[in-house]
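This report looks at aromatic rings and at one helix. The sequence and the structure are shown below.

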Amino acid sequence: MVAATDSSLDKQKAFATGYPVGRLAATVERLRHEVRSAQAEADGRALIELAKGILVERLGCGPAQAARQLAELADQAKVTPLELAVDVINQSARDRLSDVTGAFLAGAQDNESPSAPRAESERSAAVRLREAESGALAAPDTQAVADSLLQHALTPLGAVAVAIWTAGSDGSLTLAGSAGFSPAEAGRWRYVPPGVVTAARTSLTQRRGQWIGSLAKTGLPSIGQHHFPEGGRAALPAGTGGRVHGVLEVVWPTPLEPQSPQVIRQVEALAELCAHTLETYAFVHDGDTVSEPRVLPDAAELVDLADGLQDPALVLVPYLDDGHLVDFHIHHVNSRFLDPAGRPRGLVNGALLLEAYPMAAGESELFQRVERVYATGEPFRAQRMNLTALVDQVALASVADISISRHGNSVLLIWRVEDETARLASLLQHAQRLGRIGGFEENLLTGEITWNGQLFSLYGRSPASGPVPLEELALHAHPDDAVAIGRFLRTLLHHRRPAAAAFRLQRPDEVTRHIRVVAEPVLDADGRPFVLRGAYQDISAQHWTEVALAATRDQLAHTEQQATERNRLTLQLQHAIMPPTQAPLRAPRLDVAVRYRPAETEQLVGGDWYDAVLLPSGLVLLCVGDVAGHGIEAATSMVVLRNALRGLAVTGAGPGQLLTWLNSVAHHLTGSITATAVCGIYDPDSRTLRWARAGHLPPVLVRDGEAVSLPLLKGLLLGAVPEVAYGEDEVQLAVDDTLLMYTDGLIERRDRTMEESMTQLLTTVRAAPCTLDQQLDRLLTYSRSDTDDDTCIVGIRVS
């Protein structure tokens with residue numbers, strides 16, 4: 001136990017001499033110190049008395065002589081009598097605690113918590129474990145066990161709280177005992193329902209220890225998560241003999257570093273100590289914790305339960321080897337069980353599960369599921385699981401509904417296997433229901449007719465009204481289908497061949513259904529039909545689907561015809577305004593050439609346009625543009641902009657002003673279309689070109705074998721806003737200079753940027769052929785555009 005230091009007692013005495021309240025506090029602290037010392041002395045005395053008893057048995061001496069012998073041996077070994085007593089107990093017990101403490105002794109001192117008092121840190125790990133065991137065995141309930149574990153074994157390791165969970169048969173967890181948590185926190189966590197994933201639940205499910213550095217990083221909820229949010233956790237299954245009775249959960253206040261194997265083995269030994277306690281006590285929580293001895297169901301009761309079942313059942317009990325679960329004894333099989341090998345039940349009873357049915361280890365992991373249910377107590381249910389290990393394949397199917405549950409120390413395995421015939425009949429019924437099929441059989445000799453329930457439903461008749469003979473089929477069908485029904489009956493009865501027909505069934509509820517009937521005759525020895533078998537199928541949905549599909553095909557054909565006509569008219573309009581080839585423009589000292597390449601796909605007819613006009617003033621108007629969109633709207637919008645620009649150019653205004661006016665036309669007079677354009681006014685006398693752009697690519701100038709793109713002037717695309725001012729630039733041309741205006745259909749590609757495409761264009765136009773026409777043809781030929789868009793080019797060469 002923790003003892004107060006001399007310095008702390010001196011401080012308390014000094015405090016007490018000056019204040020009455022302080023004198024009372026010092027008295028309380030002194031009494032607490034005496035209680036802790038008495039508890040430590042009592043725990044140690046119990047271990048010393050146990051060691052004395054071992055010496056009495058080993059040496060054949062009396063208690064007094066054994067006490068003297070223990071004191072002399074402790075003095076010779078330079079250890080305390082308590083440490084020597086624990087060593088004697090470990091050598092005699094040879095249990096899990098002795099194994100753990102033997103490996104732990106060398107490194108126990110290194111793992112002491114820095115905050116632990118000096119008197120506690122000097123005590124060996126072996127003493128702590130044996131004191132914890134002694135306190136647990138003497139504890140009246142699991143709550144006292146948790147107090148003993150925290151006080152003797154876990155506090156020196158730096159832990160601040162401990163929780164002992166018991167596992168329910170339904171997979172739930174109940175807080176059997178705790179220490180270091182507030183009563184309110186323990187009350188909130190007294191029960192964890194099945195399916196809630198906590199740190200303890202994960203350890204129970206996986207049946208292995210969970211060492212968590214920081215609970216907050218995992219996101220797992222658990223007891224004390226708000227008090228120690230960044231603290232570490234250890235959750236270990238508490239089990240013996242292959243069965244997990246619960247979980248031991250230990251809490252550290254700060255993040256937990258990886259622990260040494262000695263510390264891990266020590267905490268595992270404490271978990272095994274908890275398992276013995278949980279096996280002894282059952283816990284009932286209703287307000288305060290109540291503990292009472294656990295009463296395990298007797299195997300005889302489980303045998304009676306299995307014998308009362310109508311399905312095959314096995315009662316299994318664990319088979320342990322050196323404390324480890326290795327197999328299950330088949331304690332009992334009920335009368336419904338049939339051994340696949342034909343062995344009588346008497347030979348199966350008492351056999352080991354894996355020896356009698358070795359396939360259970362691999363097939364569907366049956367043995368592993370039984371082992372898991374026995375370990376955790378959580379039942380297992382499954383439908384249509386392979387079970388060939390326990391089922392006769394000659395007579396029965398290999399699928400079954402499985403139920404595995406633990407009762408006390410035994411496991412009950414129940415399964416239900418479907419007969420193959422019944423299973424196929426069930427499948428047939430479902431197929432008939434889903435396919436809306438009804439079957440029938442008609443005996444021509446006796447007049448007996450058999451219908452299934454689905455056929456009565458198709459006819460809209462109750463079973464009490466009786467079935468309809470095939471010869472009266474026409475009376476229940478639409479009159480227009482009488483010929484088809486007559487041909488069906490003649491083929492079936494006269495020609496004695498299978499036949500089929502489709503007709504409209506008129507039901508008593510005035511609902512008309514489209515039905516297909518298929519039938520075949522069964523012939524006797526003389527070749528005469530005596531039985532008719534067949535089926536009706538409701539094909540109404542298929543019929544109306546076919547009707548809708550036919551209407552859709554007609555509508556689609558009409559739409560395609562309209563689209564084709566629309567594209568043809570668009571192309572005619574476009575070619576009428578801008579033919580692919582055009583007579584050259586006659587201008588003084590200037591060669592002008594234009595090219596237009598329509599889109600290869602007719603549906604992509606666009607609004608690209610160009611113009612080259614000799615104005616009355618002697619100046620030359622040069623422009624190209626691209627209206628957004630495709631189809632007849634884009635083509636008609638292109639016509640508006642092209643003709644408007646021609647009319648505006650007669651005023652003598654510059655290209656910037658022309659584009660400002662053209663923007664107003666696009667925004668106000670054409671339904672707010674948008675377009676790009678570049679416009680130039682060339683003066684043949686001064687060889688100057690004034691130009692402006694509205695969101696379009698700038699012209700390209702070719703001079704002396706070099707090609708450059710003109711500056712990118714500021715200018716918004718046409719039609720975007722009501723009022724826009726466009727800037728102008730002027731370029732002085734020389735003899736043999738070539739200037740090109742074009743739309744983006746010449747260079748645009750899906751797999752590269754516009755800058756890369758421009759670089760490729762400049763490289764192509766540097767090698768200039770002899771004439772301007774040849775140069776424009778070469779540009780169209782070597783164009784790498786892949787967007788299948790329209791393309792317009794206007795080129796001039798100064799002569």
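In this predicted model, the count of aromatic pairs comes to nine, where rings pair if their centres lie within 6.5 Å. A pair of aromatic rings is described by the distance of the centres and the angle of the planes.

One of the pairs is formed by Trp211 and Trp252, with 6.3 Å from centre to centre and 40° between the planes, and it is tilted. Trp211 belongs to strand β4 (residues 210–212), while Trp252 is in the loop between β6 (243–251) and α12 (261–280), so this pair ties together parts that are 41 residues apart in sequence.

Phe440 and Tyr536 are also paired: their ring centres are 5.4 Å apart and their planes stand at 50°, so this pair is tilted. Phe440 is found in strand β14 (residues 437–443) and Tyr536 in strand β18 (residues 529–538), so the pair ties together parts that are 96 residues apart in sequence. Phe440 and Tyr536 also belong to a cluster linked by ring pairs, together with Trp451, Phe456 and Tyr459.

| Residue | Relative accessible area | Class |
|---|---|---|
| Trp211 | 29% | partly exposed |
| Trp252 | 5% | buried |
| Phe440 | 7% | buried |
| Tyr536 | 2% | buried |

Buried means under 20% relative accessible area, so Trp252, at 5%, is classed as buried, whereas Trp211, at 29%, is partly exposed.

Aromatic rings also meet charged side chains. The charged end of Arg642 sits over the ring of Tyr610, at 6.0 Å from the ring centre. Arg778 lies over the face of Tyr782, and here the distance to the ring centre is 5.0 Å.

The next topic is helix α24, which spans residues 772–781. Which residues of α24 are buried? They are Leu772, Gln775, Leu776, Leu779 and Leu780. These residues cover an arc of only 135° around the axis, which means that they are on the same side of α24. Which elements are included in what covers the buried residues of α24? Among them are the strands β20 (590–597), β25 (700–703), β28 (738–742) and β29 (791–798), along with helix α23 (754–766).

At the start of α24, a side-chain oxygen of Thr771 comes to within 3.2 Å of the backbone nitrogen of Gln774.

How values were computed
Residues are numbered from 1 along each chain as its sequence is written. This is a predicted model: local features need pLDDT of at least 70, side-chain atom pairs count only at pLDDT 80 or more; totals for chains, interfaces and linings use all residues. Side-chain values use heavy atoms; hydrogens and water are left out. Rings of Phe, Tyr and Trp (its six-membered ring) pair if their centres lie within 6.5 Å; planes under 30 degrees apart count as stacked, over 60 as edge-to-face and the rest as tilted. Helices (H or I, at least four residues) and strands (E, at least two) are DSSP runs, numbered from the N terminus. Buried means under 20% relative accessible area, exposed over 50%, partly exposed in between (1.4 Å probe, protein chains only). A charge sits over a ring if NZ of Lys or CZ of Arg is within 6 Å of the ring centre and within 35 degrees of the ring normal. The arc is that of the directions from the helix axis to the C-beta atoms. Contact means heavy atoms within 4.5 Å. A polar contact is a pair of N or O atoms within 3.5 Å; within protein, one must be able to donate a hydrogen and the other to accept it, and residues adjacent in sequence count only if both atoms are side-chain atoms.
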